[in-house]
Amino acid sequence: LRGGEVSKMAGADGDDSLYPIAVLIDELRNEDVQLRLNSIKKLSTIALALGVERTRTELLPFLTDTIYDEDEVLLALAEQLGNFTMLVGGPEYVHCLLPPLESLATVEETVVRDKAVESLRKISQEHSPVDLEVHFEPLVKRLASGDWFTSRTSACGLFSVCYPRVSSTVKAEIRQHFRTLCSDDTPMVRRAAASKLGEFAKVLELEYVKSDIISLFTALASDEQDSVRLLAVEACVSIATLLPQEDLETLVMPTLRQAAEDKSWRVRYMVADKFSELQKAVGPEITKNDLVPAFQNLLKDCEAEVRAAAANKVKEFCENLPEDNREQIIMTHILPCVKELVSDTNQHVKSALASVIMGLSTILGKDNTIEHLLPLFLAQLKDECPEVRLNIISNLDCVNEVIGIRQLSQSLLPAIVELAEDAKWRVRLAIIEYMPLLAGQLGVEFFDEKLNTLCMAWLIDHVYAIREAATCNLMKLVEKFGAEWAQNTIVPKVLGMANDPNYLHRMTTLFCINALSKACGQEITTKQMLPVVLKMSNDQVANVRFNVAKSLQKIGPILDSNALQTEVKPVLEKLASDTDMDVKYFAQEAISGKSFPITEYPPESRQHFYKIFIDVQDQLVNV
Amino acid sequence: MAGKLLFKGREKDPPHLVSDSHQFVFSADIISTVEFNYSGELLATGDKGGRVVIFQHEQESKNRPHLRGEYNVYSTFQSHEPEFDYLKSLEIEEKINKIRWLPQQNAAHFLLSTNDKTIKLWKISERDKRAEGYNLKDEDGRLRDPFRITSLRVPVLMPMDLMVEASPRRIFANAHTYHINSISVNSDHETYLSADDLRINLWHLEITDRSFNIVDIKPANMEELTEVITAAECHPHQCNVFVYSSSKGTIRLCDMRAAALCDRHSKFFEEPEDPSSRSFFSEIISSISDVKFSHSGRYMMTRDYLSVKVWDLNMENRPVETYQVHEYLRSKLCSLYENDCIFDKFECCWNGSDSAIMTGSYNNFFRMFDRNTRRDITLEASRESSKPRATLKPRKVSTGGKRKKDEISVDSLDFNKKILHTAWHPKDNVIAVAATNNLYIFQDKIN
């Protein structure tokens with residue numbers, strides 16, 4: 001690397017070329033965090049200008065003590081240093097980066113510490129085996145035996161990267177350090193060790209996995225702190241994948257069984273949450289004998305959080321069952337529990353189940369689905385909790401493939417209508433978002449017949465957020481069904497609202513035109529929409545008039561230049577001399593063609609705030 | 001041992017500790033909480049003005065071997081400001097209700113402070129180096145000609161006078177509808193709980209945008225409200241256990257392992273009421289104002305208006321020890337009710353080895369009880385009676401008709417001078433006593 005030469009050249013070249021670098025260096029200590037952050041992000045530029053020598057002897061010592069700064073600056077610094085090897089002179093000098101990263105690895109902010117550890121792991125690969133033992137490994141030891149737990153937690157993440165590349169004596173030391181940290185006094189360090197246990201096990205020789213890791217794993221899995229025990233569940237997955245099948249039963253399963261029945265619901269929750277991974281790790285035989293009953297228990301757990309986590313895994317668990325007797329296991333063991341969950345007392349459990357239950361139909365096939373699953377789907381479609389119904393509706397595609405949507409449509413429609421008219425506007429909003437998906441699955445015919453009226457009704461909802469979502473929904477429908485469909489079914493209804501006595505509805509016409517014009521194309525926009533917009537420029541409500549100006553600006557690019565000159569321009573000019581200042585403002589904006597952010601309102605915009613006020617009121621009433 | 005305590009004079013008063021000899025006390029200066037950190041090296045106080053003052057234990061000096069070293073001001077900062085909740089038209093006081101230290105994790109110290117609504121995590125750190133040398137300006141701050149820069153200067157760090165900085169690290173807000181009365185850091189060192197009148201929330205120390213409600217005693221109809229939560233604390237070793245006390249004089253122990261919601265308790269501590277002493281005030285004076293686990297985790301102590309009780313966690317039906325704090329006030333309850341003193345919330349604390357307990361009373365008196373010898377003592381925290389290095393004299397309140405020499409009559413007690421907040425050093429016999437706007441630090445005499 002030619003850092004030094006760059007700096008010499010810069011010096012010879014003339015003074016002004018150093019100026020930007022000088023600014024960057026000075027701004028490393030600017031009072032403004034953003035400027036400091038900016039300088040840190042360009043640290044490589046500074047280092048390049050200083051050259052490798054000065055970077056090592058001046059810049060890095062300065063950075064080593066820069067640990068008082070804001071988290072975001074430290075985070076950026078920790079990240080930069082991970083890519084600094086070439087800037088300090090290549091792998092030969094990479095150890096110079098250790099001191100600043102070591103001090104960053106002891107700060108209290110977890111994200112910064114984690115980033116420092118990540119960078120240390122990265123540069124560890126650039127150390128030669130000798131440097132690793134001379135420089136890197138001592139750093140790991142220092143951190144591991146540090147006074148403060150922040151340094152000891154950081155050490156936990158570094159063992160696995162140096163272990164494979166050091167001599168067997170050093171390996172023994174590293175194993176010893178890890179053992180010590182696994183029984184550290186503070187729960188934080190034990191948590192850090194537990195979370196790195198799996199990763200460390202992967203780099204250990206199998207004999208040490210059996211002799212060392214298993215005992216540590218067993219100890220952590222029966223730690224007095226719930227938060228440590230639950231992390232051991234995660235390690236369980238990695239350890240199980242490392243061991244030969246015949247050892248699993250004696251070395252891992254006792255601990256896993258214990259975790260699945262732990263007194264603390266948080267640990268059982270973790271087991272439920274990791275169930276698919278555990279299932280893959282222990283293999284089909286143990287799954288059949290042990291995990292199926294364990295899973296049944298989790299589905300029937302007394303704590304709703306655990307049941308919800310297990311319910312979330314129902315589909316994945318069933319999918320991964322050994323194929324030879326998958327159907328039998330599901331029908332006799334899992335389905336009875338699932339049936340109970342459909343009428344669970346807790347709505348989170350029901351809605352977790354609703355988000356995956358449809359997936360079972362592909363596994364069980366048409367006949368079983370119709371006989372056993374369909375009644376459950378229908379029950380959930382009628383659930384009192386809207387979230388459950390929404391989750392079923394949003395996953396209809398899986399059932400569609402197996403039995404066709406017609407089987408469901410009978411119950412589907414009332415469920416959708418009910419959600420569409422729910423008193424909570426957030427629920428209405430959620431179902432609107434599924435409309436394009438539903439329309440795709442049900443087909444245009446069914447849609448026109450049953451759902452189109454709903455979509456149009458949302459346009460005159462009394463909550464602005466719903467009207468807004470409804471216009472967006474129309475756009476997506478047009479994208480799906482095409483311009484011709486739009487011309488026949490949607491556009492006439494939308495344009496009809498331009499004559500509505502309520503000015504909010506008239507404005508909705510404009511918002512719809514804004515959204516639809518692009519999908520409908522030039523022809524429809526010019527021939528059908530433009531005349532309506534232009535006519536509305538005579539509206540008596542100023543809010544409508546200035547929205548006309550905004551609409552004209554929006555659809556302008558779609559129109560041909562003839563229409564722009566002969567029709568749009570005169571109207572905008574007329575609006576630009578309107579009596580209302582807001583109308584004037586937006587008309588002028590449209591004429592000058594400036595794009596402007598929607599949130600930026602002209603000062604003293606009385607009318608406009610009136611509009612906002614109404615919409616806010618709408619929403620407050622409906623929260 | 002209590003008699004050997006002596007007053008520790010301070011060289012300089014921190015800004016908000018105005019002498020009470022002026023009679024006039026700014027209400028913002030009234031100390032509202034006192035707390036030692038885990039090592040006892042630091043002592044934090046919070047006041048009604050939203051300020052936190054931290055005192056540091058100075059190293060022992062050779063020329064004054066009889067003293068253990070003083071506590072001097074280490075850092076002062078404004079933790080909370082008065083606020084206004086526009087949606088509810090409510091003023092939110094800046095008064096610091098509680099301070100809790102976090103176990104030390106690196107060279108810096110961290111504490112949680114809370115007012116009625118918002119909990120803040122503060123970092124208190126030292127800085128003793130300063131960067132020097134700019135490219136674009138001279139040492140004296142004059143700008144250099146940008147076109148005359150011929151070389152780059154990297155700043156160098158130079159030693160400087162020690163500076164202590166307090167910086168807000170996290171703000172845990174918007175989770176309490178009612179007033180926060182307690183915060184307590186869990187032994188897993190990653191979560192803490194906060195309790196208000198009706199609910200207890202569990203927080204992760206690194207996550208500010210959500211907390212979990214673990215106890216909710218709010219009745220569906222607020223007119224049916226009969227009981228409020230008065231204090232809550234996590235067990236010192238078992239991460240899943242916490243207790244909360246109620247205005248009905250009961251304590252519930254909950255196990256977070258059993259369920260995510262702890263509305264159902266696992267243990268319920270209540271002493272059956274003695275029907276002979278029942279009066280109009282029974283319910284008010286049985287309300288628990290503070291609950292504290294012993295360091296060992298085997299016992300807990302509760303303070304009600306007239307007494308301190310020690311409970312064995314394994315025995316729910318009655319306390320193992322009961323100490324009368326100021327039984328002579330029983331006949332005065334009527335007037336204490338009229339001047340609202342009956343609602344004062346006295347706190348209590350254990351010494352480092354759990355062998356003694358301390359709690360406050362009126363007239364700047366505080367009480368200490370030795371659990372082994374069952375002896376008790378009343379001491380007074382006041383400038384007049386406790387000169388630096390003087391030994392505190394035991395005080396006595398006359399209860400009978402005839403007042404002996406050195407005794408104080410119940411009628412002459414000053415109920416405006418109350419000691420609500422006290423703290424005991426986690427290892428040594430050093431105590432901190434907050435008397436209105438004064439902080440007194442007493443320590444065992446070393447002979």
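## Basis of the model

Residues are numbered from 1 along each chain as its sequence is written, and chains are lettered from A in the order in which they are written. In this predicted model local features need pLDDT of at least 70 and side-chain atom pairs count only at pLDDT 80 or more, while totals for chains, interfaces and linings use all residues; side-chain values use heavy atoms, with hydrogens and water left out.

## The setting of B:Asn240

B:Asn240 lies in the loop between strand 16 (229–234) and strand 17 (241–246) of chain B, where strands are DSSP runs (E, at least two residues) numbered from the N terminus. With a relative accessible area of 7%, B:Asn240 is buried, a term that means under 20% (1.4 Å probe, protein chains only).

Leaving aside neighbours within four places in sequence, B:Asn240 is in contact with A:Asp226, B:Cys254, B:Asp255, B:Met256 and B:Arg257, contact being heavy atoms within 4.5 Å.

## The interface of chain B and chain A

In the interface, 42 residues of chain B are in contact with 43 residues of chain A. Of the area that chain B buries against chain A, 19% is supplied by B:Leu152, B:Val154 and B:Arg257, more than by any other three residues; buried area is the accessible area (1.4 Å probe) that two parts lose on being put together, summed over both.

Between chain B and chain A the count is 7 salt bridges, each a side-chain nitrogen of Lys or Arg within 4 Å of a carboxyl oxygen of Asp or Glu. The side chains of A:Asp65 and B:Lys129 meet in a salt bridge (3.5 Å, N to O).

Terms used
Helix = DSSP H or I, 4+ residues; strand = E, 2+ residues; numbered from the N terminus. Buried < 20%, exposed > 50% of the residue type's maximum accessible area, 1.4 Å probe, protein only.
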